[in-house]
Structures are given as C-alpha cells and as structure tokens.
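Thanks for coming. I have one model to go through today, so please look at the screen.

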Amino acid sequence: MKKVFVTVAVSSAMIVFLSACKQAGKVEQQSVEEVQVATDTGDVDVDAATVDGKSLNDIRFEGFERKDWLDNEYVRTLRSYLDDFNSRRIEDEELEPYRDIVKGKFVIFLSEPCIGGGMYIHITFIDHPTQLFNAWVYSDVDIASETVSGYRVMGISKSEEPIDVTKEEILEFVSKDPDLKLW
C-alpha cells in the first residue's frame, strides 16, 4: 500500500482556522459563564468552552465510530454545497478555478474535528484522484440540550500537493470497505 503525505494549502481564512485547530492543546478550559462574557467581548473562541467537562466537540462527536466519521451530516452538507456550487446556485471564488474537478463524486480521505467547531474533511474526487481538497464544515451546539444543528460549509480549498492514488485504487478501497462510499 502506498503512503500518502499531504501538505495542506488553504486560503487565508482557512489558515487562521487551522492555526486555531493546532492550538487546541493550549486552550484553557472555561466555564460556560466565562465563555459567554468573553464571547461578548470577542476574546475567546466559543468552541474552547467545556460544559461539565465536555468540550463542544465532545458534544458534536459523542458516540462517533469509524463509520460515523465517513457518513454524517457534515459530509452531507459538503455534498449539498458542492451540488449548489455546480448548479450555480452559490458562488465560491476559491473553487471557481476547479469547477471541472469538483463536479463529480468524491471519497473521504480523512475527517477530523477541530476546535474551531465542526469537522475538517479532506476529500478527493474520483475523476481527479490526485487532487486533494480540504473543507471546514461548521455546526452549532445547543449547550443546554446538547444538540447539534446549523451545519454550513465555512471554506473549501485545493491542496497544493498532489496525492499518489489512482481512480482504480479508490474504487478498490471503496469496494473492500463497507464504511467508504462515493459521495
């Protein structure tokens, strides 16, 4: 099996977001009241908050198993966003140069939570398998009921570095893994 090394290149908005993700281990835990006050002044990232020892991402992804990381509302939101982009119902300057690439089906390369809230999803399109795209799909959390809603794509960009995989290899992975699918 081939090893894949990926360098993520993102727009300036995504760079700020990724920096926050990398700083996750350095964020102090705060009470909901502290976060509310700090949020009102713009001093603290809301997703750094904890409720009874649970972060908002703990609430978002509680109970997730491997299959849940590959099939969830975040991925459905991303697919819907790409469909809207391809039918020209929305505009996305970052994706415009890649319109021909992002019109097909994709497979999830990796998905993971970020402290910025929601999920960071790496995808590759079946008809252009060497091109990796990175998307941030956000969700709101109702702290009181611990429910997740308000899914939305915050950004998607193409990685500068190609990945070393073929369409045939992707189709083989999908056929052998019941959790993988083409979106």
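Before the helix, a definition: the expected span of a helix is 1.5 Å times one less than its number of residues. Helices (H or I, at least four residues) and strands (E, at least two) are DSSP runs, numbered from the N terminus. This is a predicted model, where local features need pLDDT of at least 70, side-chain atom pairs count only at pLDDT 80 or more, and totals for chains, interfaces and linings use all residues. Residues are numbered from 1 along each chain as its sequence is written, and side-chain values use heavy atoms, with hydrogens and water left out.

Now α5. This helix has 14 residues and reaches 20 Å from its first C-alpha to its last, close to the 20 Å expected at 1.5 Å a residue. At its start, a side-chain oxygen of Asn72 comes to within 2.8 Å of the backbone nitrogen of Tyr74; a polar contact is a pair of N or O atoms within 3.5 Å, where within protein one must be able to donate a hydrogen and the other to accept it, and residues adjacent in sequence count only if both atoms are side-chain atoms. After α5 comes Arg88, with a positive phi near 65 degrees.

Next, the sheet. Four strands form an open sheet in the order β3-β4-β5-β6, with antiparallel pairing; two strands pair if DSSP finds at least two bridges between them. The edge strands, each pairing on one side only, are β3 (106–113) and β6 (147–158). Between β4 (residues 119–125) and β5 (residues 128–142) there are seven bridges, and Ile123 has Phe133 in β5 as its bridge partner.
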